[in-house]
Amino acid sequence: MEKERILDRIEAPCDLRPLGVAELTRLAAEIREELITTVSRTGGHLAPNLGVVELTLGIHRALDCPKDRIIFDVGHQSYVHKLVTGRRDRFDSLRQYGGICGFPKRCESPLFDTFDTGHASDSISVGLGLALARDASGGDETVLIVIGDGSMTGGMSFEALNHLGHLGTRLVIVLNDNEMSISKNVGALARYLARVRLDRRYQRLRDGVESRLAVMPLGKAMVDAGEAVKDSVKQLLVPGMLFEELGLKYIGPIDGHDIAAVESAVRAAKRTDGPVLVHAATRKGAGYAHAEEQPDAFHGVGPFSVETGKANGGGDVAAISYTEAFSRALLTEAAANGRIVAITAAMPAGTGLDRFAERFPERFYDVGIAEGHAVGLAAGLALGGRIPVVAIYSTFMQRAYDQLITDVALQNLHVVFCLDRAGLVGEDGPTHHGVFSLTYLRSIPNLQVIAPADEAELAHALHTAVSADTPVALCYPRSATTGIGLPESCEVWEPGRAEVRRRGKDIALIGVGRMTVIAEAAAELLAAEGLDASIINARWVKPLDTKMILQAAGSHRLLATIEENVGAGGFGAAVAEVMADAPERPPLLRFAVPDCFVSHGATDILMKEIGITPENVCSAVLGRMQQLSDAGAAPDTAAVKAAEPIPVPSISSGSR
């Protein structure tokens with residue numbers, strides 16, 4: 001008879017407290033098995049969660065949740081938390097459309113998910129605000145932050161620590177130190193934590209400075225002389241005083257895989273009057289050999305074989321990802337131009353810069369989770385005559401918006417921004433969808449914006465950007481490419497020149513980026529209905545090909561723009577601005593992401609939900625053309641219809 005799982009008895013964190021050591025050990029093993037089995041099918045952030053199994057159990061045993069509150073920085077390491085807070089029965093729906101999210105969601109669990117997260121380094125700020133609100137209302141609950149050492153490199157973390165140390169507010173910070181963010185951590189802080197973590201003398205030395213001094217000649221007098229002398233001696237002898245100098249009590253380093261040690265440390269921190277940092281050393285991917293050996297590869301994975309650790313097959317083997325296409329194109333450019341340097345923010349593998357780093361290590365900079373610094377660094381490099389290529393996900397570039405404007409565009413510095421994951425990214429959900437990039441980029445003076453339609457165009461666009469003398473941003477998706485391959489040689493595009501892929505007389509379909517494929521498919525459907533459609537590949541979002549737009553307006557009964565960006569301020573809005581002053585103004589349909597935060601799920605499902613499919617485009621165009629026929633509108637006299645995106649069902653960013 002199969003033994004009942006302890007995990008199946010855990011409905012809430014309070015169910016953890018009666019468990020003994022043996023049961024907790026068995027529970028940790030069951031959780032790891034559940035994580036591996038589920039993520040192997042759904043994909044997700046496996047290695048981070050394998051590394052925090054015991055840490056999460058120890059934290060929940062020490063806290064009194066839901067009275068006490070937990071905030072996870074980034075939140076990709078919250079799977080274990082979800083399993084022990086009433087979502088075990090739904091865990092197999094992880095990251096699936098209508099299922100539970102891969103990040104904390106207040107609407108998913110109002111009791112246990114305190115804050116919606118997805119980006120790094122904001123947890124201490126939010127936690128401090130929550131703690132101050134608690135104090136103002138006379139509460140006594142504990143607010144606890146779980147933050148990784150990668151997120152601790154972000155500037156916002158240090159801004160919050162500075163304020164926290166100044167206020168002295170009661171707050172517990174658990175530093176999950178696994179030496180990695182997505183890839184291996186870099187920088188002075190990483191070296192500092194490694195020194196503290198690896199020096200086994202640290203704990204004894206930290207706790208015993210005064211007693212050691214007391215037996216030394218004049219040591220007792222030095223201790224009695226006052227805090228200033230004592231602290232200066234500690235600084236000489238102890239490498240772990242950084243956080244205490246910032247005003248936090250420091251506990252650690254402790255073994256983050258020892259549930260009892262974690263529980264004891266958190267309980268001690270709860271009793272402390274003031275801010276406390278618990279430094280827990282963990283292993284990313286712990287308990288699954290493949291993830292331990294390749295923690296960066298298993299940070300975020302698609303479906304894979306549990307036995308081999310290899311990704312499941314499927315798809316067109318000839319079609320590489322856009323990330324890989326960018327990586328190859330950049331290597332070609334860098335080999336031909338020694339002024340090119342590359343910058344990323346803790347994501348060399350995710351952005352495709354890992355191969356550049358291997359081939360040109362002296363021209364590569366990983367700044368850690370510090371996007372604002374990455375852009376500021378690029379500005380300085382450009383000022384010094386280099387050509388910086390900054391590769392960051394679209395959603396993370398939002399964190400450096402001020403630097404985009406002030407440090408780069410205002411001074412018209414030649415920096416190339418390569419924004420991976422532009423558009424919907426699928427299962428990672430609303431914090432990671434890159435659906436705002438066209439809006440926030442096209443409003444910046446001096447900045448050119450290109451959205452290539454396929455991998456060949458990505459190579460041409462990169463070559464164009466590197467050859468420019470102004471800042472340029474490239475926006476491209478997460479998905480596999482079309483399979484047409486990269487060109488043998490690249491050309492420099494004329495700024496603001498669109499490409500006509502097909503000429504028709506009835507409708508002009510203008511696609512942006514990979515939405516050009518949607519335009520082509522919709523044109524085929526319309527042809528079956530007897531309508532002749534032009535297909536225009538916009539290529540440039542800024543400068544816009546106004547000449548092409550005006551020509552299309554004068555020769556078609558209807559225009560339609562298709563973009564994988566929010567409708568507000570996006571490409572369609574730019575076309576509408578041009579049309580507002582056009583002498584010949586046919587109606588304009590705009591297909592774009594609705595004014596909502598799009599949920600998580602497979603990208604094709606999400607595209608259907610928001611109404612951006614060839615079938616929906618065809619249906620909407622047919623409907624509008626019928627309206628025009630019924631009204632007897634002539635091509636050059638119809639009123640402008642700079643419409644909102646086609647109405648679609650409201651999309652929640654939470655679970656369903």
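Proline 543 sits in the loop between β15 (540-542) and α23 (546-555), and the peptide bond that links lysine 542 to proline 543 is cis, with omega at about -5 degrees. Keep in mind that this is a predicted model. Here's a quick run through that spot and a few other backbone features.

**Cis prolines**
- Besides the bond between lysine 542 and proline 543, there's a cis peptide bond running from glycine 252 to proline 253, where omega is near 0 degrees.
- Proline 253 is part of strand β4, which covers residues 249-255, while proline 543 is in a loop.

- Asparagine 412 isn't a glycine, yet its phi is positive, near 55 degrees.
- You'll find asparagine 412 in the loop between α19 (401-409) and β9 (416-420), and it's partly exposed, with a relative accessible area of 34%.
- Arginine 421 also has a positive phi, about 60 degrees, without being a glycine.
- Look for arginine 421 in the loop between β9 and α20 (437-442).
- Arginine 421 counts as buried because its relative accessible area is 15%, and the cut-off for buried is under 20%.

**Around glycine 338**
- Glycine 338 is in the loop that runs between α14 (322-336) and β6 (340-344).
- With a relative accessible area of 48%, glycine 338 is partly exposed.
- Setting aside neighbours within four places in sequence, glycine 338 makes contact with Arg363 and Arg386.
- Glycine 338 and isoleucine 387 are 49 residues apart in sequence, with 9.0 Å between their C-alpha atoms.

Definitions and conventions
Residues are numbered from 1 along each chain as its sequence is written. This is a predicted model: local features need pLDDT of at least 70, side-chain atom pairs count only at pLDDT 80 or more; totals for chains, interfaces and linings use all residues. Side-chain values use heavy atoms; hydrogens and water are left out. Helices (H or I, at least four residues) and strands (E, at least two) are DSSP runs, numbered from the N terminus. Buried means under 20% relative accessible area, exposed over 50%, partly exposed in between (1.4 Å probe, protein chains only). Contact means heavy atoms within 4.5 Å.
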